[in-house]
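Good morning, and thank you for coming.

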Amino acid sequence: MINRNRLVSQFKRMVEFDSETYHEREIADYLKEEMKQLGFAVTEDDAGIRLKERIAEYGDAIPTGNLYGFLKGNTAGKPVLLSAHMDTVRPGVGKHTAEDENGVITSRGDTVLGADDLSGIAAILEAVHTIREHNIPHPDIEVLFPVAEENYGKGSQLADYSAIHSRQAYVFDLSGEIGNAALAAPTLLSFEIRVKGKNAHAGFCPQLGINAIEVAATAISRIKQGWADEETTVNIGKISGGKQGNIVSDECILIGEIRSLKDDRAMEEWEKIKKVFEEAAACRGGNIEFLFEKQIEAYEIGEDEEVVKRFKRVCDEIGVKAVTHKTLGGSDNNHFVHNGIRGIVVACGMNEVHTTSEYTTVHQLEKSALLALGLMTDQN
């Protein structure tokens with residue numbers, strides 16, 4: 001029942017919007033009209049205004065909020081929430097699609113495609129088109145299209161969850177074949193460590209200085225990066241410091257992250273890192289400043305929960321294999337679960353995301369739309 005031509009056409013149309021994080025205004029306006037034509041009652045919250053007030057990176061972009069839509073059902077059943085985010089990563093300005101004879105859709109190679117997460121939005125919209133065209137019975141349907149997902153779900157973190165009726169959610173925001181679903185995702189801590197030393201002339205009197213870079217290097221050498229255990233990773237991804245080669249460095253700044261499927265393990269690794277840096281600084285007389293933020297919090301959905309059972313039923317109905325697993329990637333679903341909505345993240349036809357080699361296929365888009373349709377209309 002899926003209208004393949006309409007689905008692919010709408011996906012390609014949405015790709016051409018410049019919708020990098022904090023620049024979602026144009027695609028949001030387009031989606032508001034699309035949703036209204038499909039019969040949704042649509043609201044936009046103040047997330048964009050609130051983000052602009054506190055995030056310098058927002059710049060002079062026009063504030064854009066999360067879009068929420070409610071479509072009244074015509075049959076009994078619990079409401080269901082489907083979600084996909086509006087923003088894309090960089091480079092995402094001037095995106096255009098190219099499709100080969102096998103139905104593989106890419107960008108022209110100088111930008112991302114934006115299948116992350118426009119493939120999810122396209123699938124959700126097409127499913128509703130199909131419901132309306134064929135008068136398919138369905139319970140209440142809710143959709144949430146958040147902004148700023150690519151910055152640790154900053155948009156969905158500010159959503160008004162008191163307005164959402166559903167206790168089950170399907171977040172269309174996962175790579176891989178249709179039928180894949182993530183039931184667990186990590187806590188993610190981002191951190192900044194400022195090592196304070198003392199400058200001095202590197203040739204005449206280096207002994208009078210405290211080399212902040214040396215302190216940082218000593219600490220780093222004592223930290224296990226990469227896999228701390230089978231569910232936890234640690235990474236220091238950026239280091240900067242010093243003024244020039246003939247001055248003992250008085251400051252070194254390190255930026256990194258910790259991810260763990262167990263929230264307490266993430267905090268435990270952070271405490272270890274702090275202790276190592278404090279000890280290294282104490283040996284040389286330096287000082288340390290620590291900044292950290294828990295961007296998202298870990299969750300796990302059980303295989304026996306209804307949200308998973310429903311997903312598996314629909315996969316069986318549309319002829320795809322349901323494969324569940326854990327992921328160390330975060331999504332809007334972290335915030336959904338934290339706010340009492342039991343959700344899982346499902347594959348929706350995005351591949352090699354966050355690169356200029358990103359692609360989707362017509363077949364994947366169609367299967368993803370069928371999955372969305374099944375999740376919206378399942379009445380078991």
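Let us begin with a helix contact: Q10, R13 and M14 in α1 meet I27, Y30, L31 and E34 in α2. By class, this contact of α1 with α2 comprises 4 nonpolar, 1 polar and 2 charged residues. Please bear in mind throughout that this is a predicted model.

As for the geometry, two packed helices are described by the angle between their axes and the distance between the axes. Helix α1 spans residues 4-15 and helix α2 residues 25-37; their axes come within 10 Å and cross at roughly 150°. An angle over 145 degrees counts as roughly antiparallel, and α1 is therefore roughly antiparallel to α2.

Helix α1 also packs against helix α4, residues 115-134, where the axes come within 9 Å and cross at roughly 140°. That angle makes α1 oblique to α4. The crossing of α1 and α4 is right-handed. On the α1 side, the contact involves R6, L7, Q10, F11, M14 and V15. Among the residues they meet in α4 are L118, I121, A122, L125 and H129. The contact of α1 with α4 divides into 10 nonpolar, 4 polar and 3 charged residues.

The next pair is α7, residues 306-318, and α9, residues 362-377, which pack at an angle of about 130° with their axes 9 Å apart. These two helices are therefore oblique to each other, and their crossing is right-handed. From α7, the contact is made by R310, F311, V314, C315 and I318; from α9, by K367, L370, L371, G374, L375 and M376. Of these residues, 8 are nonpolar, 1 is polar and 2 are charged.

Rolling a probe the size of a water molecule over the atoms shows where empty space is left. The largest pocket holds about 860 Å³ of space. Which residues are the closest to its centre? They are E149, E150, N151, Y152 and H354, out of 36 residues that line this pocket. The elements giving two or more residues to the lining are the strands β7 (168-175), β8 (180-185), β12 (251-260), β13 (287-296) and β16 (342-350). The lining of the largest pocket divides into 12 nonpolar, 12 polar and 12 charged residues.

The second largest pocket has a volume of about 160 Å³. Its lining includes K78, Q168, E306, R310, R313 and D378. Helix α7 supplies the largest share of that lining, 3 residues. By class, the lining of the second largest pocket has 2 nonpolar, 4 polar and 5 charged residues.

Finally, some points on the backbone. Most residues other than glycine have a negative phi, and most peptide bonds are trans. Where does the model depart from that pattern? The peptide bond from R90 to P91 is cis, with omega near -5°, and P91 lies in the loop between β3 (80-83) and β4 (97-99). A cis peptide bond also joins D116 and D117, with omega about 20°; D117 lies in helix α4. A148, although not a glycine, has a positive phi of about 55°. The place of A148 is in the loop between β6 (141-145) and β7.

Thank you for your attention.

Terms used. Residues are numbered from 1 along each chain as its sequence is written. This is a predicted model: local features need pLDDT of at least 70, side-chain atom pairs count only at pLDDT 80 or more; totals for chains, interfaces and linings use all residues. Side-chain values use heavy atoms; hydrogens and water are left out. Axes are lines fitted to C-alpha atoms, for helices over the stretch in contact, and angles run from 0 to 180 degrees between N-to-C directions. Helices (H or I, at least four residues) and strands (E, at least two) are DSSP runs, numbered from the N terminus. Angles under 35 degrees count as roughly parallel, over 145 as roughly antiparallel, 65 to 115 as roughly perpendicular and the rest as oblique. A crossing is left-handed if the near helix is turned anticlockwise from the far one by less than a right angle, and right-handed if clockwise. Contact means heavy atoms within 4.5 Å. Ala, Val, Leu, Ile, Met, Phe, Trp, Tyr, Cys and Pro count as nonpolar, Asp, Glu, Lys and Arg as charged, and the others, Gly among them, as polar. On a 1 Å grid over the protein atoms alone, a cavity is a set of points where a 1.4 Å probe fits but cannot get out, and a pocket is an open set with protein on both sides within 12 Å along at least five of seven lines; lining residues have an atom within 4 Å of a point. Grid points are joined across faces, edges and corners, and a volume is the space filled by probe spheres set on the points.
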